[in-house]
Amino acid sequence: MLLTFAFCTYNRAERLERLVSAMRAQQCPIPFEILAVNNNSTDETEEVLARLARQPGVPLRWVTEPEQGIVPARNRAIAEAMHSDILVFIDDDEIPLPGLLAGAADAILNEGAECAGGRVEIDFSELGRPRWLDDEIAGFLGRLDHGSAPIWVETDATPIWSGNVAYSINLFRKHPDLRFDRRFDRKGKDVGGGSDAIMFRNLLEMGVRIRYRPDMAVLHAVEPWRLKRSYFLKLHYRAGLRHGQFRLPSYPRTVFGVPPFLLAQLARQAFKTVGIAVTGRPRLLRQAMNVAHTLGMLRGYRKRAGE
């Protein structure tokens with residue numbers, strides 16, 4: 001038995017020593033290796049990984065994925081882990097908390113899960129938490145907490161994300177076309193993407209046994225540029241753009257190249273946003289994010305139509 005503990009990285013060389021140290025400190029009931037996928041970093045990532053690979057402890061191997069983007073990097077990790085039994089992903093801006101690998105291995109080896117995910121806690125220790133950032137909006141920074149008890153995930157009401165997820169490698173052996181979707185890629189320091197959400201929906205549609213384990217937990221660092229309202233608006237615009245371009249069906253009737261219901265939806269969302277702004281009610285940012293998402297869908301639908 002072997003577990004591959006993987007992360008994809010781009011230009012975060014300064015974080016790697018602490019990350020790998022925390023990964024090596026994990027307790028696991030089966031042997032594990034660490035896999036780093038360098039996605040064409042231009043900083044000292046290669047030098048740092050080479051040095052860390054020479055250190056004692058849990059073996060670290062690293063590869064460079066020449067195609068830029070989180071999707072080709074994650075798919076490369078899957079290909080590199082096909083000799084393993086379990087693949088666990090975290091992100092390069094996270095720190096695994098004690099018990100993550102033990103929980104992941106138990107879910108897959110003993111509970112019969114084919115996929116398992118856990119909590120993502122946001123680390124505000126360095127930057128502080130803005131007063132306007134409530135738990136709902138923090139969810140768009142990756143925060144995830146479905147409670148203190150394990151549950152079987154059967155609907156998209158309790159998602160799990162690729163910043164803290166484990167897969168049985170048999171899942172990818174049985175379904176060789178099951179990979180992260182290139183249409184929902186995110187390159188470098190860009191925002192959005194959504195390939196992990198598409199993967200999660202695909203697993204649900206396939207009837208894969210998905211387990212939420214609260215003992216699988218990571219601490220997720222947030223860079224300063226993400227703690228701005230403009231980030232959340234851009235994130236939702238990009239999500240809407242991809243939804244309109246790749247997921248909406250084709251409609252026979254359009255106005256200005258888009259289905260009429262989208263124009264009506266935009267009008268409703270904009271009117272509601274203005275009402276909240278004028279009256280000073282809470283949730284203004286959340287409502288503005290809805291407007292940004294609808295604008296993105298309009299733009300995405302027109303792009304698909306060959307604007």
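A cavity is a set of grid points where a 1.4 Å probe fits but cannot get out, and its lining residues have an atom within 4 Å of such a point. I keep that meaning in mind for these entries, which concern a predicted model.

**Entry on the cavities**

I looked up how many cavities of 30 Å³ or more the structure holds, and there are two. Helix H1, strand S5 (94-96) and strand S9 (210-221) each supply at least two of the lining residues, and S9 gives the most, with three.

I then turned to the largest cavity, whose volume is about 50 Å³. Around this cavity I listed Cys115, Ile160, Trp161, Ser162, Val165, Tyr167, Asp196, Met199, Phe200 and Leu203. Here the classes come out as eight nonpolar residues, one polar and one charged. At least two lining residues come from S8 and at least two from helix H7 (195-206), with H7 giving the most, four residues.

**Entry on Ser162**

Is Ser162 buried or exposed? Its relative accessible area is 2%, and buried means under 20%, so I record Ser162 as buried. Leaving aside residues up to four places away in sequence, I found that Ser162 touches Arg74, Phe89, Ile90, Asp91, Tyr167, Phe180 and Asp196.

**Entry on Arg74**

Arg74, one of the residues that Ser162 touches, belongs to helix H3 (residues 70-80). I noted a relative accessible area of 6% for Arg74, so this residue too is buried. Which residues does Arg74 touch, not counting those up to four places away in sequence? I wrote down Cys8, Phe89, Asp91, Ser162, Phe180, Arg186, Ser195 and Asp196.

**Entry on helix H2**

In helix H2 (residues 45-53) I looked for the buried residues, and these are Thr45, Val48, Leu49 and Leu52. Seen down the axis of H2, they fall within an arc of 95°, so they line one face of the helix. I then asked what covers the buried residues of H2, and the cover includes strand S1 (3-9), helix H1 (13-24), strand S2 (32-38) and strand S3 (60-64).

**Entry on two asparagines**

Finally I looked up two loop residues with a positive phi. Asn11 has its place in the loop between S1 and H1, and its phi is near 55°, a positive value in a residue other than glycine. I have Asn11 as partly exposed, with a relative accessible area of 21%. Asn40 lies in the loop between S2 and H2, and for this residue, also not a glycine, phi is near 60° and positive. At 25% relative accessibility, I count Asn40 as partly exposed.

Technical notes: Residues are numbered from 1 along each chain as its sequence is written. This is a predicted model: local features need pLDDT of at least 70, side-chain atom pairs count only at pLDDT 80 or more; totals for chains, interfaces and linings use all residues. Side-chain values use heavy atoms; hydrogens and water are left out. Buried means under 20% relative accessible area, exposed over 50%, partly exposed in between (1.4 Å probe, protein chains only). The arc is that of the directions from the helix axis to the C-beta atoms. Contact means heavy atoms within 4.5 Å. On a 1 Å grid over the protein atoms alone, a cavity is a set of points where a 1.4 Å probe fits but cannot get out, and a pocket is an open set with protein on both sides within 12 Å along at least five of seven lines; lining residues have an atom within 4 Å of a point. Grid points are joined across faces, edges and corners, and a volume is the space filled by probe spheres set on the points. Ala, Val, Leu, Ile, Met, Phe, Trp, Tyr, Cys and Pro count as nonpolar, Asp, Glu, Lys and Arg as charged, and the others, Gly among them, as polar.
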